Amino acid sequence: MSAQIEKKGKEAYLRFSNLEKLGFLKHCVTTRAGGFSKAPFDGMNMGLFTEDSRESVLMNHKRAAEHMGFQLSDAVFTNQVHGDGIALIDEGFTGEGFWLGERALEKDAIITRLPARPIVAFFADCAGVFVADPVQKAVGIAHAGWKGTVKEIGRKTIEAMGEAFGSKASDCHVAVGPSIGPCCFEVQEDVARLFSQLYGESVLHRAEKPGRWKVDLWEANRIQLEQAGVKVENIEVARLCTFCRDDLFYSHRRDKGKTGRMAGIMEII
Ligand SMILES: [Zn+2]
């Protein structure tokens, strides 16, 4: 099992094999290929909160929505703040389709069981954790940078789906999206220690500089999901490094903050 890159005109979308086969949802992670944005956001910047032109970002969103087959006005956007807040989008949710971020929810995870309510989160270096429960027909997206990974946002998202929808971790299929990889994600001792305490030494590699470590966010999230009760065979990790793959992805660290965002999108059909 591995993630597939699907080309559509100049654009390219990433899909996870394990989510694709479930049938009750549509999903993708956008890439920077194609799109309307100019440098340094060049390509398909989906970031609502970047300094890119709003017109370009809107056109990029329209292109992705068209590709996925939904109305942009039905989508619910989140603005990630590196916390562990989870937005539940249910029938009582009153926020009508958001328009370029003015009313985006400041949450790091978003869950729903509503059909035709695409949920959208944004990434550049942080991993998306995409959860699909085919039994209760529910989905969730978590934003797991190093802070979210240490705060166990993936596990908390599955637990929130349990409370809201009756989802069981053992039924869930989960994909971990592109992020800065163990090749490139260097941290200091204090951050490294947080990871080894939670996920063991296997998620750390010594960096060249003394006192610095390289962290494997993919493996840390995989271990976390397994600890949460997700079956090993139901976890798919894209293993694509946003820092290395400048042809496909924005990277906050590589581009020193002046960069765009990929969007992770899930919609129950
Ligand atoms: Zn890398």
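Predicted model: local features only at pLDDT ≥ 70, side-chain atom pairs only at ≥ 80, totals over all residues.

Biologist: Fine. Which atoms coordinate the zinc ion?

Modeller: The SG atoms of Cys 183, Cys 184, Cys 241 and Cys 244, at 2.3 Å. Donors here are N, O and S atoms within 2.8 Å of the metal (3.2 Å for Na, K and Ca), and water is not among the atoms, so sites may look incomplete.

Biologist: What arrangement do the four donor atoms make?

Modeller: Tetrahedral, because the angles they subtend run from 101 to 115°. The test for four donors is that all angles lie between 85 and 135 degrees. For reference, the ideal angle for four tetrahedral donors is 109.5 degrees.

Biologist: And what spacing do the donors follow along the chain?

Modeller: C-C-x56-C-x2-C. Cys 184 sits in the loop between strand E10 (173–176) and strand E11 (186–188), and Cys 244 in the loop between strand E14 (235–237) and strand E15 (262–268), so this pair ties together parts that are 60 residues apart in sequence. Helices (H or I, at least four residues) and strands (E, at least two) are DSSP runs, numbered from the N terminus.

Biologist: Is Cys 184 buried or exposed?

Modeller: Buried, since its relative accessibility is 17%. Cys 244 comes out as partly exposed at 47%. The cut-offs are under 20% relative accessible area for buried, over 50% for exposed and partly exposed in between, with a 1.4 Å probe and protein chains only.

Biologist: Switching to pockets. What volume does the largest pocket have?

Modeller: About 490 Å³. The lining takes in 22 residues, and His 82, Ala 124, Cys 126, His 143 and His 252 lie nearest the centre. Strand E7 (119–123) and helix H3 (146–150) are the elements giving two or more residues to that lining.

Biologist: How do you define a pocket, and a cavity for that matter?

Modeller: Both use a 1 Å grid over the protein atoms alone: a cavity is a set of points where a 1.4 Å probe fits but cannot get out, and a pocket is an open set with protein on both sides within 12 Å along at least five of seven lines; lining residues have an atom within 4 Å of a point. Grid points are joined across faces, edges and corners, and a volume is the space filled by probe spheres set on the points.

Biologist: Next, helix H6. How many of its residues are buried?

Modeller: Eight of the eleven in H6 (residues 217–227), so the helix is largely enclosed by the rest of the structure. Among them are Trp 218, Glu 219 and Asn 221.

Biologist: What happens at the start of H6?

Modeller: A side-chain oxygen of Asp 216 comes to within 3.1 Å of the backbone nitrogen of Trp 218. Just after H6, Gly 229 has a positive phi of about 110°.

Biologist: Which residues take a positive phi without being glycine?

Modeller: Glu 152 is one, at about 55°, and Lys 256 is another, at about 50°. Glu 152 belongs to the loop between H3 and H4 and is buried, at 14% relative accessible area. Lys 256 is in the loop between E14 and E15, exposed at 72%.

Biologist: Last one: where is the cis peptide bond?

Modeller: Between Ala 39 and Pro 40, with omega about 5°. Pro 40 is in the loop between E3 and H2.

How values were computed
Residues numbered from 1 in each chain as written. Heavy atoms only, no water. Tetrahedral: all angles 85-135°; square planar, octahedral: opposite > 155°, others 65-115°. Polar contact = N/O pair within 3.5 Å; in protein donor to acceptor, adjacent residues only side chain to side chain.
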